[in-house]
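Look at the model first, then read the points below.

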Number of protein chains: 2
Amino acid sequence: MRIIVDAFGGDNAPLEIIKGAAAAVAEYGHTVVLTGKEDEIRRVAADNHISLDGMEIIDCDDVISMEDAPRSILREHKNSSMAVGLKALSEGKGDAFVSAGSTGALLVGGTFIVKRIKGISRAALAALMPTDTGNPVMLLDAGANVDCRPKMLYQFARMGNIYMTDVIGGGKPARVGLLNVGTEDTKGGELQHETFELLKNTDRMNFVGNIEARQVLYGDVDVLVADGFAGNVLLKSIEGTAEVLMKKIKGVFLSNLLTKIAAVIVKPHLGKVKAMLSSEEHGGAPLLGLKKPVIKAHGNSKAGAVKNAIRVAAEFANAGVIEKIEAVVSEDATEDDE
Amino acid sequence: MRIIVDAFGGDNAPLEIIKGAAAAVAEYGHTVVLTGKEDEIRRVAADNHISLDGMEIIDCDDVISMEDAPRSILREHKNSSMAVGLKALSEGKGDAFVSAGSTGALLVGGTFIVKRIKGISRAALAALMPTDTGNPVMLLDAGANVDCRPKMLYQFARMGNIYMTDVIGGGKPARVGLLNVGTEDTKGGELQHETFELLKNTDRMNFVGNIEARQVLYGDVDVLVADGFAGNVLLKSIEGTAEVLMKKIKGVFLSNLLTKIAAVIVKPHLGKVKAMLSSEEHGGAPLLGLKKPVIKAHGNSKAGAVKNAIRVAAEFANAGVIEKIEAVVSEDATEDDE
């Protein structure tokens, strides 16, 4: 597999990206194609004794930042490491693309450079969230499309179903749920009512009904469908709550000498709880609905997360997901196409 | 103060409701008017040695359950403990009403029996959520209105601002935020864009801008405005995450003998973390926009939560919130009135 990686995307670029790429080459044997300023990549690699064996570089001198307007990737920043990577992907110079840069820019670039699958009205950001069972749940949309129509959510469900069944579930049919304010069939607003009908009346997936936000972490479903606004609120509330709670618990252990001793005892075990809630392990969020595999790594990704994102990208490319989405979605999506 | 309390609302009625009412009478000196089956109330009180001193009972033989359609409170269940309590409130037989029963029924009953303040297009469920700072944040709407227009969110902001400034903040102007997928002014969809403009262009409150779900528990704002769908997702994700995390941490302490010893040491401290996340302390969610104070207590309320809800109801009635909402909101709300 040849995985193209944006060497200048994210808070810890380029060092952690290069480190993660080197780890992926060593561990998985993939070829990594880095995009970005070649001389800086070579200098950082040399300074940090990172081997660039098994890597290629596509040199370009620009970077798109979090502050740049997403659409600037098409013009002002068309020579950025992200734009160049997406172009290389669209030209077949690699099997998948990974970036930890701006989600908005990646979505615009993915949509207009890599392009959507025919019949798909919107690409979805599909976040893999940890659950209590150890298996992840795929939330889509996680924030790329804040205003959604029922047909879009239906397509998100179809795409997430294919991904979770084929890439993660090893062929075991995924359970698909709709994020709602209650579990009864009639809950929610217009968007949920119409989407519920679409999902209930298809035999193309295993739709298990409405799911409340409270239940998501218990792992009752494998695919959770939501508009990007509610999906983003869900994702970020979970992150924020876990963050505040772990901080509070850390505070408890610093109370006095006895609690500090207790801390030493439970620390290795608490690490596992923290890891369960970490986005690092799952490595990245696939953008589903594009003609080629694109993975958004978390903006604060360090080498471990980058390595995992490269693994996820290769699995995505390998599973034939895009061909399957093309096959099953195109037939009922033409009316929403742009 | 005379507080009317639905003795048959919630999972633990009537025993925990009666207990909580007795505790409120003893601690705050309020008169409590219980609604529900009088003979059962007297029997349960006698069996559990609870004094009914300082309490009155309005006898009625029906109860509206979680399974009943919310609108049935107006017809089939118009003699339920909830409907009778709301009617008593509207007739001035008490200063406020508390129920731990069905949120939907309470909203319908509140809207059509107690009625909305002139100029208010929708009553909002205003949940008080704990934060890291120890001060609560008021989230409205927390799930009563899943489909919202910008003008509704603007009214929610005005009402929440009055409540948090006068009842909780002791006159210190509340900081009002809009729940959004990012902090930049242009984030969100149509609803957020239009609401942002309305809130930014008024000098009638201290609007501090967009707030991400991740930041809510840090207590950066006192009032958080959202449509009821996103608000409910926020509230329930926080509850669910805290629940799963505390369960995981409990599991850590059961790992082996040493961690069990550690558990004994930190247990009292962890209790404080748990209490911070508990809805019990804040006691209930005001329904804002009605002509009289109505408080929704959590469905699983025990005596302590009921007692707190009665305290909150009295504070609500005492602060003149409704008169202030009438004064400031009516002028710009007539066009949305039904």
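A cavity here is a set of points, on a 1 Å grid over the protein atoms alone, where a 1.4 Å probe fits but cannot get out; lining residues have an atom within 4 Å of a point. Points are joined across faces, edges and corners, and a volume is the space filled by probe spheres set on them. This is a predicted model: local features need pLDDT of at least 70, side-chain atom pairs count only at pLDDT 80 or more, and totals for chains, interfaces and linings use all residues. Residues are numbered from 1 along each chain as its sequence is written, and chains are lettered from A in the order written.

**Cavities**
- The structure holds two cavities of 30 Å³ or more.
- About 40 Å³ is the volume of the largest cavity.
- Its lining includes A:D6, A:S99, A:A297 and A:A309.
- The second largest cavity has a volume of about 30 Å³.
- Residues lining the second largest cavity include B:V5, B:D6, B:I17 and B:V306.

**Lining elements** (DSSP runs numbered from the N terminus; helices are H or I, at least four residues, and strands E, at least two)
- In chain A, β1 (2–6), β4 (96–99) and α9 (303–318) each supply at least two lining residues of the largest cavity.
- In chain B, β1 (2–6) and β4 (96–99) each supply at least two for the second largest cavity.

**Symmetry** (least-squares superposition on C-alpha atoms of residues with pLDDT of at least 70 in both copies)
- A rotation of 180 degrees, with 0.0 Å of shift along its axis, superposes chain A on chain B (RMSD 0.0 Å).
- The two copies are therefore related as by a two-fold rotation axis.
- A:A262 comes closest to the rotation axis of the residues of chain A, at 2.2 Å (C-alpha).

How values were computed. Heavy atoms only, no water. 1 Å grid on protein atoms, 1.4 Å probe; cavity = no way out; pocket = protein on both sides within 12 Å on 5 of 7 lines; lining within 4 Å.
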